[in-house]
Structures are given as C-alpha cells and as structure tokens.
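Hi,

Here is the structure I promised to pass on. Have a look at it first, and my notes follow below.

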Amino acid sequence: MSRLDVIEMFHGISFPGHLHTQDSLQLALKFQFQDTDILITSYPKSGTTWMQEIVTLIFSRGDPHLSQTVPNWARAPWLEHYYCAAMLEAASTTPRIITTHLPHHLLGPALQGSKAKIIYVSRNPKDVAVSFYYFHKMANFLPDAGSFAEFLNQFLEGTLHFGSWFDHIKGWTCQTATMNNLLNVTYEEMSMDLHGTIKRIGSFLQCPLVEDEISNCVKHCSFSSMKDNKMVNHTLTPEEIMDHSKGSFMRNGETGDWKNMFTEEQNQCFESVYKSKMQGCTLKFVWED
Ligand code: A3P
C-alpha cells in the first residue's frame, strides 16, 4: 500500500494533508469557542483517544452506549480537520467535546477570554517517541519513519508532523500556568490511578460522579475494552489510511516502553536535549513503571 503522504505546511509546522487543509487550519485559528465547550489538547500519542473516551463516559455517567456506537472522531472531532465544522453542527450532545493537536501559540488567541474547559494531556516524551514511531509504520498518511535512530533525531529536532513536542508542552503548560479553566492530566496518572483521575476530571468538568459511575467509566475505558471497541480502535478506518497488518492503533498501552527501544547512547542524547530545551519548565514526568 503506497503512502498518502501529502504535506500541508502551516506556520512552519507540517501536518498530514489527508485531513488538514490550509482552509481547515485557518478556520481552527478563528474558531468561536463557547463557554460550555470542552477542549482536549495534546501532542499526538499522548493519550488523546483515551481522554476522548473518558470525557464521553463521564458525561454519559459511565453508560458505554455513545462510546460504543459513535466513532471518537465524530463525538470529539479534531478542530483542525476539514470535517470538524460539519461534525460539530451534527453533534446533538452538550457540551461539545473538541480535540486538537495544535500548539498553544497558534490556538491561544482563539481561546483568549473563553471559559471553555481545557484538558491538556501529556505523556513522558520517550514513550511518545516510541508510540509515534510505531504509529508512523501503520499510518499511511504519515511519512516513512525510517529507522528508530533517524526517527528519534527528527523527534528531538521537532521536524515531525505536528511540530516539536518541546514547544507543544511548554506552550500548553508554561503559558497557561495561571488559567483555572485548564486541567493538566498525564498518561502516567491515568495508568497508575484511572479511578482517581476520572474522579478528578469529573469534578473539573462540573460533572461529579458517584463511585458506581466511576467504576463503570474505568471498566469501559480500560485498555482491553478500548482495544476491542471498533469506535476507537481504528479497525473501521480504511486500509489506505491505517494498515492494521503493520500494527495496531491500540498498540500496548504501557508506560516505560521506551526502555525496550532506546539504546544507552540514545537515552543520553535524549536526556541532554531534554535538559536544555525544558530549562525553566517545572513539569515532572514519570519515566518508568
Ligand atoms: P502505545 O502506542 O504506547 O500503545 P493518542 O490517542 O494520543 O494517539 O495515543 C495513543 C496511545 O495511547 C497508544 O499508545 C495507545 O495504545 C494508548 N492508549 C489508548 N487508549 C488507552 C487505554 N485505555 N489505556 C492505555 N493506553 C491507551
């Protein structure tokens, strides 16, 4: 299967062209947020789909009907994709759940003054790099990943599609530190304490759940449930876009997988780039199980 690999350059960042157009990216920057909107924002492979499932289940009070009948891209559409406006118009649910991978320096102005609730999902970047590498292998709309060593260099240089992880994380966390409508959630917290994290997210969204409802959410957004749910596991996505013979979207859902992939030298190089690029940023990640 040949790669679609059409590139859309926007403000110096490359985006996959099969879903992003200059018009759709431009429209995202001018989007009129409503105060009732929920915005899930993340760098790719940080647990975005997981958060879409969690937020859907929270508003369904743990009932899986919606998450098992409507695909994630329709119930929590990506703001920058060309079909977003149509999906939001068709959506009958309140609040609107919107997803984005756009960096803060591009989307911040549209959010200025808005009371929309923002959830920023982040993940230890070594695991993001590994997950993104495997995703490039099965996602035909992304460029050929090459070797892991080549891919890791591009990750550290910030030249992959969606731009630099470092700029993304610093923009969405350091630039928004005083905003009380933004909640930071890490992939590792969700892995370690899904029950507690869902409770915290429910309170933030002003949709507190009782214990039974939280337990139902936990059950339906576990890795094994989501791996089997066609509405999120991308097995319904056409093969020319995602080739499941080359890997699964729901790959292994683990923390600390980077240890199986990084050489000692790659780890040292990563650490030194991380130290210099994250200077002044107080964020702490859990690097291992
Ligand atoms: P891995 O490739 O490490 O398995 P995104 O949705 O941002 O693209 O992130 C995808 C990553 O989140 C993949 O990581 C995927 O397996 C993981 N993921 C999705 N749902 C999950 C869940 N319920 N529990 C744990 N990991 C999950």
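Starting with the ligand: by class, its shell has 7 nonpolar, 9 polar and 4 charged residues (Ala, Val, Leu, Ile, Met, Phe, Trp, Tyr, Cys and Pro count as nonpolar, Asp, Glu, Lys and Arg as charged, and the others, Gly among them, as polar). This is a predicted model, where local features need pLDDT of at least 70 and side-chain atom pairs count only at pLDDT 80 or more, while totals for chains, interfaces and linings use all residues. Residues are numbered from 1 along each chain as its sequence is written.

The ligand is surrounded by 20 residues, and the closest are Thr 48, Thr 49, Ser 131, Arg 251 and Gly 253 (near means a C-beta atom, placed from the backbone, within 6 Å). Helix 2, helix 7 (125-138) and helix 13 (223-228) each give two or more residues to that shell (helices are DSSP runs of H or I, at least four residues, numbered from the N terminus).

Helix 2 covers residues 48-59, and its 12 residues reach 17 Å from first C-alpha to last, close to the 16 Å expected (1.5 Å times one less than the number of residues). Of those 12 residues, 11 are buried, so helix 2 is largely enclosed by the rest of the structure (buried means 20 or more other C-beta atoms within 10 Å of the residue's own, with C-beta atoms placed from the backbone). Among the buried ones are Thr 48, Thr 49 and Trp 50. After helix 2 comes Arg 61, with a positive phi near 55 degrees.

Cheers
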